[in-house]
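Subject: Structure for you to look at

Hello,

I am handing over the structure below. My notes on its salt bridges follow.

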Amino acid sequence: EAIEGIKKVDCISCIEVFQHLTDPIQTAKKMKKVLKPGGHLYATFRFQGNYKPALAKHFVLESTFADKLQEIGYEHIGTKYLWGRGNHKKFLFVFRNK
């Protein structure tokens, strides 16, 4: 099945991207439309304690982004620590498209 000329996919990897987008939630909604039911979204994101290119207006998403993804229909199925200490820890979040 195609959506806007794009075939649905089994997996989307979005590593260190969301914090740089103008509207990360809208982008996640569009990604969900392309992801097959049961497909996985693998993502890392840090909205605070990041380097300069991160958009300051999204700092509020640091503690709520995973919840917002669940509100739009992703199921949070796991989180894996990757590296870092304190406020600079990085995690891999795994979501499934409901």
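K36 and D10 form a salt bridge, with 3.3 Å between the closest N and O atoms; the term means a side-chain nitrogen of Lys or Arg within 4 Å of a carboxyl oxygen of Asp or Glu. K36 sits in strand β4 (residues 35-44) and D10 in strand β3 (residues 9-15), so the contact ties together parts that are 26 residues apart in sequence. Strands (E, at least two residues) and helices (H or I, at least four) are DSSP runs, numbered from the N terminus. K36 is partly exposed, at 34% relative accessibility. Here buried means under 20% relative accessible area, exposed over 50%, and partly exposed in between (1.4 Å probe, protein chains only).

This is a predicted model, in which local features need pLDDT of at least 70 and side-chain atom pairs count only at pLDDT 80 or more, while totals for chains, interfaces and linings use all residues. Residues are numbered from 1 along each chain as its sequence is written, and side-chain values use heavy atoms, leaving out hydrogens and water.

The whole structure has four salt bridges. Another one joins R46 to E62, at 3.0 Å from N to O. Both residues lie in the loop between β4 and α2 (65-71), so this pair links parts 16 residues apart in sequence. R46 is buried, at 10%, whereas E62 is partly exposed, at 26%.

R96 also pairs with E75, the closest N and O atoms being 3.2 Å apart. Strand β6 (residues 90-97) holds R96 and strand β5 (residues 74-83) holds E75, so parts 21 residues apart in sequence are tied together. R96 is partly exposed, with a relative accessible area of 30%, and E75 is partly exposed with 32%.

Regards
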